[in-house]
Amino acid sequence: MRQFIAIFAAFLLMPLLIKGIPLITKKKPGFGPVLLVTGICLALIAGLPVATAAGAFTSIFTTGKTVQIIIAIILVGVLGNLLKQYGFLDKIVAALETLIPNKKAILMVLPAVMGILTVPGGAYLSAPFVDKIGDELELSAPRKVVVNLSFRHVALFVMPFTTNMLFIPTVVPEVNIYHLIALNVGFILCMHTAAYFIYLHGAKSVRVQAGGSKKEAALNLLLYLSPIYMVVFFNGVFHLPMYLSVALCILLMFFLCWKEKKTFLRNLWKGISFSTLFMLIGVYFIQNLIQNLDQVMSGVVWLFQNSSGFGILLVISAASLLFGLTTGLSLVPIGIILPLVATLPMDPTLKLLYTFFVFIWSFMGYYYSPLHLCQLLTIKYMGCAAWPVYKEHLKIIPWLFVSSYLLFYLYQWILL
């Protein structure tokens, strides 16, 4: 129980620190220091040994995969800054305005297209586009944040090479990934329909009076989006690490901007965000601490062993929210809960349905987490506070929660 209390107390402390520190220091704190203080409080309240807490911190810099992800996110920020500095963002928007003469439609399509780049915090790339078009639609900063997030995560549900999708067959080999993707499409349709009517339907209507050749616009779109989709090409086809794939696309930017090469290194340096680096260190510190809370892990196992039917759905929902919210990762709840589902005696079709339910709720726990990198980076870019963003989230949360249960029972009625 002490560890559960520690999680609750630590994350209750986070907004208090964000609000309270400026009253004392007269300076607005960065997310990095706040997250580090939150992690220290979590360790103290949970009673973790000093050596365990210290190990959670040092492992950030000694775990190769974590270091690679941090480098990749920093480089994504650099790439986004270069795209902005050299006018690529404006040219992409101009091409889309020729192809799609509706600003709202563009605002829905752009984050989804850039979401193909499935790197943690990848919403950093689509944030400048959403900011620019959102201003034209007269959207508030918090609403621009949730619009970017709402339409950004399509790839997580439908791309077969994402980390979550690749992980699932190793735990539940009976589940066909493409069958799971088909079920996920239903949830994506529910989420995006709700997001449109809640966040965009009542926004200022702006139609684009763009002339020009659609063929030329399509070619420009291919050219100026190339530094983004080539990341996916290098990573997916040649299996290069994500950080190296992004680095190669920064090199591609250098050649595309050859005429302005004298300013390239200066703009590259400007794109390195040390505040983002400190924030990432804080996020991974807390994630590592959570994984050492053995009482929390054993509590979830006990709930599974003592539940059945609708009770299992409730346990999946609660456990996925707990692990997703506290770690800011969707793979953590999937990695903890799915092996428990795999041990339940049921036929493969029902196991597919439960896998779908675990996938959806693991996403929602991660999606609404205060440690969700896409959210943190988008809030940072838009320059707004976290609480107004969560007030916007509250408008769609009931719809998503109810939809997940309705889809489970609808699919069960159709398939069984």
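Predicted model: local features only at pLDDT ≥ 70, side-chain atom pairs only at ≥ 80, totals over all residues.
**Entry 1: confidence**

The protein averages a pLDDT of 81, and 87% of the residues score at least 70.

**Entry 2: a lysine**

Next I clicked on K103, which sits in helix α6 (residues 103-114). Is K103 buried or exposed? Its relative accessibility is 4%, and the cut-off for buried is under 20%, so K103 counts as buried. I then looked for a partner and found E136: the side chains of K103 and E136 are joined by a polar contact of 2.6 Å.

**Entry 3: aromatic rings**

I went through the ring pairs and got a count of 28 aromatic pairs. One that I looked up is F157 with F187: the ring centres are 5.7 Å apart and the planes stand at 35 degrees, so I wrote the pair down as tilted. The pair links distant parts of the chain, as F157 is in helix α9 (residues 154-158) and F187 is in helix α11 (residues 177-200), 30 residues apart. F157 is buried, with a relative accessible area of 0%. F187 is buried as well, at 0% relative accessibility.

Then I turned to F356 and Y411, an edge-to-face pair with 5.3 Å from centre to centre and 70 degrees between the planes. F356 belongs to helix α20 (residues 348-367) and Y411 to helix α23, so this pair ties together parts 55 residues apart in sequence. I checked the burial here too: F356 counts as buried at 0% relative accessibility, and Y411 counts as buried at 12%.

I also found a group of rings to colour in: F310, Y354, F357, W361, F401, Y405, F408 and Y409 form one aromatic cluster.

**Entry 4: the surface**

Which residues make the nonpolar surface patch of about 590 Å²? I listed M1, F4, I5, I40, L44 and I45. Helices α1 (2-25) and α2 (31-46) each supply at least two residues of this patch, and α2 gives the most, with three. M1 is in the segment before α1. At 66% relative accessibility, M1 counts as exposed, because the cut-off for exposed is over 50%.

Note on methods: Residues numbered from 1 in each chain as written. Heavy atoms only, no water. Helix = DSSP H or I, 4+ residues; strand = E, 2+ residues; numbered from the N terminus. Buried < 20%, exposed > 50% of the residue type's maximum accessible area, 1.4 Å probe, protein only. Polar contact = N/O pair within 3.5 Å; in protein donor to acceptor, adjacent residues only side chain to side chain. pLDDT = per-residue confidence, 0-100. Phe/Tyr/Trp six-rings, centres within 6.5 Å; stacked < 30°, edge-to-face > 60°. Patch = residues over 30% accessible without salt bridge, like charges linked within 9 Å, V, L, I, M, F, W, Y side chains within 5 Å. Areas by Shrake-Rupley, 256 points an atom, 1.4 Å probe, with all protein chains shown as cover. Salt bridge = Lys/Arg side-chain N within 4 Å of Asp/Glu carboxyl O.
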